[in-house]
Amino acid sequence: MNNASEESFAGQAVYSKKLLSVYDLWVLGISNSLIWKCRTKNILRWLNQSLTANHLDVGVGTGYYLEHCTFPDSPVRLGLLDLNPNSLEATANRASRYVPEVYQADVLQPLPDQPCRFDSVSLNYLLHCLPGDLSSKAVLFDHLAPWLNPGAIISGSTILHEGVPKGLTARRLMDFYNRKQIFSNSADRLDELQSQLSRRYTDVELKVIGCVALFRALYNPSNTN
């Protein structure tokens, strides 16, 4: 494991085995549909459009998406990258049919060498949990670059604080999560997400559903700004 910052440890500490046992119901079931207004099936559909059979999932949660997604080919090589050992264990068990490679690391710090690179990477509901603003969080894209083959597909989803429609319940829950350091997205804006992606990638796509921004882009090292 690389050296994780205190802030990164604080952000992931909430994901205990007990919390993970209700995560799918509360976050993917209730919160996505009724509060963030982006149903889980929309995120899963977006992921399915971005997958290769040589895939890295970063910020793995409970492994719900990897259990329900459809890889375009087989055999599947699957990597799991997360700082939280509980999430890694839960997801590795859920995706055991793929015999995943498990990496425990903080993506806000330089990653260890990866001799076998990936052709796609997903980051679902990771950015809004990381400390800092998007300009500092975006260093994770730079840290992931040595793990990706040219032309790799980057995709993901994040809950934004600014530049997206938020109902009263969403505003209150988001503010509560930020006070508790479950979220750290009070400065996360749609235009900043667009800017950080466009600096590093080509063919950037953004789609907003409720409070959630879905993003997709291509990693082309020779064309990055």
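A search of the whole structure, which is a predicted model, turns up 8 salt bridges, a salt bridge being a side-chain nitrogen of Lys or Arg within 4 Å of a carboxyl oxygen of Asp or Glu. Side chains of opposite charge can pair when their charged atoms come close. One of these salt bridges joins Asp-24 to Arg-94, with the closest N and O atoms 2.8 Å apart. Asp-24 sits in helix H2 (residues 17-35) and Arg-94 in helix H5 (residues 85-94), so this pair ties together parts of the chain that are 70 residues apart in sequence. Helices here are DSSP runs of H or I with at least four residues, strands are runs of E with at least two, and both are numbered from the N terminus.

Arg-94 has another partner as well: its side chain meets that of Glu-67 in a salt bridge, at 2.4 Å from N to O. Glu-67 belongs to helix H4 (residues 64-68), and 27 residues separate it from Arg-94 in H5. Put together, Asp-24, Glu-67 and Arg-94 are linked in a network of salt bridges. As for accessibility, buried means under 20% relative accessible area, exposed means over 50%, and partly exposed is in between (1.4 Å probe, protein chains only). Asp-24 counts as partly exposed because its relative accessibility is 23%. Arg-94, at 24%, is partly exposed, and so is Glu-67, at 33%.

A further salt bridge brings Arg-200 and Asp-142 together, at 2.9 Å from N to O. This pair also links distant parts of the chain, with Arg-200 in helix H9 (residues 190-200) and Asp-142 in helix H7 (residues 139-144), 58 residues apart. Arg-200 is buried, at 13% relative accessibility, whereas Asp-142 is partly exposed, at 38%.

Back in helix H2 there is also Ser-31, which is buried, with a relative accessible area of 2%. Setting aside neighbours within four places in sequence, Ser-31 is in contact (heavy atoms within 4.5 Å) with Trp-26, Trp-36 and Lys-37.

Then there is the sheet. It is open and built from 7 strands in the order S3-S2-S1-S4-S5-S7-S6, with mixed pairing; two strands pair if DSSP finds at least two bridges between them. Strand S3 (101-104) and strand S6 (202-209) are the edges, each pairing on one side only. From one strand to the next, the twist averages 15°. Strand S2 (residues 77-82) and S3 run parallel and are joined by 4 bridges, and Gly-79 stands opposite Glu-101 in S3.

Helices pack on this sheet too. H5 touches S2 and S3, and its direction makes about 160° with that of S2. Helix H3 (residues 40-48) lies across strand S1 (54-58), strand S4 (118-124), strand S5 (148-159), S6 and strand S7 (212-219), running at about 5° to S7. Axes are lines fitted to C-alpha atoms, for helices over the stretch in contact, and angles run from 0 to 180 degrees between N-to-C directions.

Residues are numbered from 1 along each chain as its sequence is written, and side-chain values use heavy atoms, leaving out hydrogens and water. In this predicted model, local features need pLDDT of at least 70 and side-chain atom pairs count only at pLDDT 80 or more, while totals for chains, interfaces and linings use all residues.
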